[in-house]
Each structure stands twice: as structure tokens, then as C-alpha cells.
Amino acid sequence: MSMTPSAVRDGIKTRLATITGLRVHDTIPDTVAPPAGVVGLLDLTFDLSMQRGLDSASVEVLVIVGRMSERSAQDKLDAYLAGSGAGSIKTAIEADQTLGGACQTCHVMSASPATITVGGMEMLCYRYQLE
């Protein structure tokens with residue numbers, strides 16, 4: 001199976017779009033209206049087995065929930081961080097680990113807290129690492 005970066009990003013976007021209320025971007029936008037998921041660029045490793053038998057990729061997904069001063073922003077992040085349920089980022093992505101046939105398998109490996117500046121405002125987010 002040949003992996004195409006745009007198909008992988010589209011597949012992740014499709015999976016994240018199953019979460020009610022989450023705006024999802026499969027390309028990096030100029031502006032973001034939270035809550036939003038932004039699929040980053042793929043980091044590729046080619047030829048893990050001989051004769052183009054296996055490539056590997058990792059990608060970061062930012063989930064941005066709101067300004068640091070908003071009390072509800074942390075609660076929104078907590079719902080996305082859950083290991084299961086309708087709002088779980090991990091559950092949404094791993095419900096179709098082939099991302100609609102874009103890859104052999106996709107796993108959410110980790111989630112790390114962060115902040116990001118959007119439109120001059122500091123926002124709470126989590127950086128999800130997928131492989």
C-alpha cells in the first residue's frame with residue numbers, strides 16, 4: 001500500500017469530524033476558531049523494509065479549545081483527552097485505524113499539554129502524536 005500524505009490528513013480530518021462541535025482542518029489554517037483540531041504535516045521515514053515494503057509516518061494534531069482565561073477551556077480539553085466516549089480524540093481516530101484506507105494502521109500515541117498563540121491570544125491546546 002502506498003501512503004499519500006494528503007489522504008492520511010483527509011482520513012484524520014474525517015475521523016475527527018465525528019466529534020460534535022469540533023471544527024477540523026486538514027491543512028494549517030491562517031486563523032482558528034476554537035474548539036478546533038488542526039492536522040499537521042507528516043514526518044515520513046521511508047524504506048523501513050527492503051524494496052519499498054514499508055514506510056512510516058508520524059503527525060501531530062493540535063486540539064485547541066479556547067483562551068487560557070476561559071474556565072470552560074480545561075473542561076473541554078478533559079473531554080477530548082478521555083480514553084473513550086463520544087468526545088475522545090483517541091476513540092474517534094482509532095475507530096477506523098486505516099483512515100478510510102489511507103494507511104495500514106494509525107494509533108494515537110500520546111497527548112501533551114501546550115499553549116498556542118492565535119490572533120494574539122494565548123490558547124490552551126493539546127498536541128496529539130499519531131503514528
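Start by selecting Glu 60 and Arg 127: they form a salt bridge, with the closest N and O atoms 2.9 Å apart. The term means a side-chain nitrogen of Lys or Arg within 4 Å of a carboxyl oxygen of Asp or Glu. Glu 60 sits in strand S4 (residues 54-67) and Arg 127 in strand S6 (residues 121-130), so the pair ties together parts 67 residues apart in sequence. Strands (E, at least two residues) and helices (H or I, at least four) are DSSP runs, numbered from the N terminus.

The model is predicted: local features need pLDDT of at least 70, side-chain atom pairs count only at pLDDT 80 or more, and totals for chains, interfaces and linings use all residues. Residues are numbered from 1 along each chain as its sequence is written, and side-chain values use heavy atoms, leaving out hydrogens and water.

Now colour by accessibility. Glu 60 is partly exposed, at 30% relative accessible area. Arg 127 is partly exposed too, at 30%. Buried means under 20%, exposed over 50%, partly exposed in between (1.4 Å probe, protein chains only).

Next, select helix H3 (residues 89-94), which holds both Glu 94 and Lys 90, four residues apart, about one turn of the helix. These two form a salt bridge, with the closest N and O atoms 2.8 Å apart. Lys 90 is partly exposed, at 31%. The salt-bridge count comes to two.

Zoom out to the whole chain. It has three helices and six strands. Along the sequence, the pattern is α-β-β-β-β-α-α-β-β. Buried residues make up 37% of the 131 residues. The C-alpha atoms fill a box of roughly 50 × 30 × 20 Å, taken along the principal axes.
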